[in-house]
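Open the structure in your viewer and keep the selection panel at hand.

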Amino acid sequence: MKQAVHFGAGNIGRGFIGEILHQNDFAISFVDVNETIIDALNAQKEYDIELASDAHEAIHVDNVRGINNAKNPEAVIAAIADADVVTTAIGPNILPFIAELLAQGIHARHVANSTTPLDVIACENMIGGSQFFLSKVKEHLDEADLAYVDQYVGFPNAAVDRIVPNQSNVDPLHVIVEPFCEWVVDESQMKNAALKIDGVHYASDLEPFIERKLFSVNTGHATVAYNGAAAGYTTITEALTDETIMATLRDVQAEIRALLLAKFDFTEADLVAYHNTICERFANPYIIDKITRVGRTPIRKLGYDERFIRPIRELSERDLPCDTLIATVGKIFTYQDENDQQAVELQAKLATTPLVDVIKDVTGVTDAALIAKLTAAIKANLKVKN
Ligand SMILES: NC(=O)C1=CN([C@@H]2O[C@H](COP(=O)(O)OP(=O)(O)OC[C@H]3O[C@@H](n4cnc5c(N)ncnc54)[C@H](O)[C@@H]3O)[C@@H](O)[C@H]2O)C=CC1
Ligand SMILES: O=P(O)(O)OC[C@H]1O[C@](O)(CO)[C@@H](O)[C@@H]1O
């Protein structure tokens, strides 16, 4: 049996990556710090994925185990030394914290003179996730290990698409997911191209796929979340029953389509169909997705290359409209969730720092005209003194 090491036994880890790896005859070592999940994986050694649809179809996943990386890093290193593939779905902010452990696993392969190539695939909602991870892993490697990585360890970027809300099932491993799924990997960055995983689409150029996905699914979902939160809703489906919010989503999708058409070879008809499907996915009545999950970590989502600022910058550069995206950024600055550290931090910054400085700080935008537009959108929603 092939061996997979997957970092992050959470929603998408168990609910999507686990399914695909299992269907490709991998035994999966899930690495996580959540003791409940790790203990349950080791006790049950299997779990079910339930599709959120009329039939509630179940997909059984077995040959799984859990390793707690905080308590047993040696076992993680040994698993990496033996792995045929390494994947992550842990959150972009966490990748730097597991980089040293991955570096130690790579070092173990090197010391064992392994010439078996390995790909490390970060399945995070971010552009260039695996290459970002590589940059962090490199900080923990010496020259000899760096040369080994150049030869034997690939970090192909990937786009992963399946909505998996937070779970509240009795069985901590059971996971309810939407039926739709898509996993695209940049083949050009692989070191082990001979190992192809069924259910993964391999692309020679990931850019059109990741941008279409991130700026359609993630920008769209976040648009519903932040406008929904501002209107007082708590779930995505609830917010989408509000015609104004659905219209805002449609307007954002139209702005995004204009950008995707300007940059890539998509057809308008294909993008309209893609966006219509996304609206149906968001409104799936079998999924209860809290606005707090989709709107989580707002400072990350306001980043320079993230789901709002990047399309706004690129549309502005092309003199294409982005008013609804900018108006939604205005809503993000009002977003409150006392359980979300970044939401609290953003409000604290706004209370103590001039607005223009906060905008520059969180978005990285330097263009004066764009800063002025963002300022106006934020002031339309927020009572700020300066
Ligand atoms: N849930 C979804 O629908 C999708 C999520 N993603 C991406 O997948 C990533 C994970 O998202 P979810 O699965 O939703 O989150 P999640 O919170 O359900 O899972 C993350 C897991 O990482 C674990 N973790 C956190 N810090 C850790 C550490 N230092 N060491 C080991 N494990 C640690 C947590 O305990 C948790 O089990 C994110 O980057 C997200 O953007 C991508 C596509 C879909
Ligand atoms: O905050 P993150 O990590 O991007 O995760 C939330 C996102 O995950 C998804 O459920 C799947 O990509 C999106 O619909 C949502 O925008």
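Is the crossing of α9 and α10 left-handed or right-handed? Keep in mind that this is a predicted model. Now go and look.

**Stop 1: the helix pair.** Select residues 243–263, which form helix α9, and residues 268–282, which form helix α10. Two packed helices are described by the angle between their axes and the distance between the axes. Here the axes come within 10 Å and cross at roughly 145 degrees. The crossing of α9 and α10 is right-handed.

**Stop 2: the contact.** Show side chains on both helices. On α9, pick Leu249, Gln253, Arg257, Leu260 and Leu261. They meet Glu268, Leu271, His275 and Cys279 of α10. Colour these contact residues by class: five are nonpolar, two polar and two charged.

**Stop 3: the annotated span.** Colour residues 205–366 by secondary structure: the span is 70% helix and 0% strand. Its end C-alpha atoms lie 29 Å apart.

**Stop 4: the ligand.** Centre on ligand 1. How many residues surround ligand 1? The shell has 27, and the closest are Gly8, Gly10, Asn11, Glu124 and Asn125. Next, select α1 (11–23), β2 (26–32) and α4 (95–111), the elements that give two or more residues to this shell. Which element gives the largest share? That is α1, with three residues. Finish by colouring the shell around ligand 1 by class: 16 residues are nonpolar, eight polar and three charged.

Definitions and conventions:
Residues are numbered from 1 along each chain as its sequence is written. Chains are lettered from A and ligands numbered from 1 in the order in which they are written. This is a predicted model: local features need pLDDT of at least 70, side-chain atom pairs count only at pLDDT 80 or more; totals for chains, interfaces and linings use all residues. Helices (H or I, at least four residues) and strands (E, at least two) are DSSP runs, numbered from the N terminus. Axes are lines fitted to C-alpha atoms, for helices over the stretch in contact, and angles run from 0 to 180 degrees between N-to-C directions. A crossing is left-handed if the near helix is turned anticlockwise from the far one by less than a right angle, and right-handed if clockwise. Two residues are in contact if their C-beta atoms, placed from the backbone, lie within 7 Å. Ala, Val, Leu, Ile, Met, Phe, Trp, Tyr, Cys and Pro count as nonpolar, Asp, Glu, Lys and Arg as charged, and the others, Gly among them, as polar. A residue is near a molecule or strand if its C-beta atom, placed from the backbone, lies within 6 Å of it.
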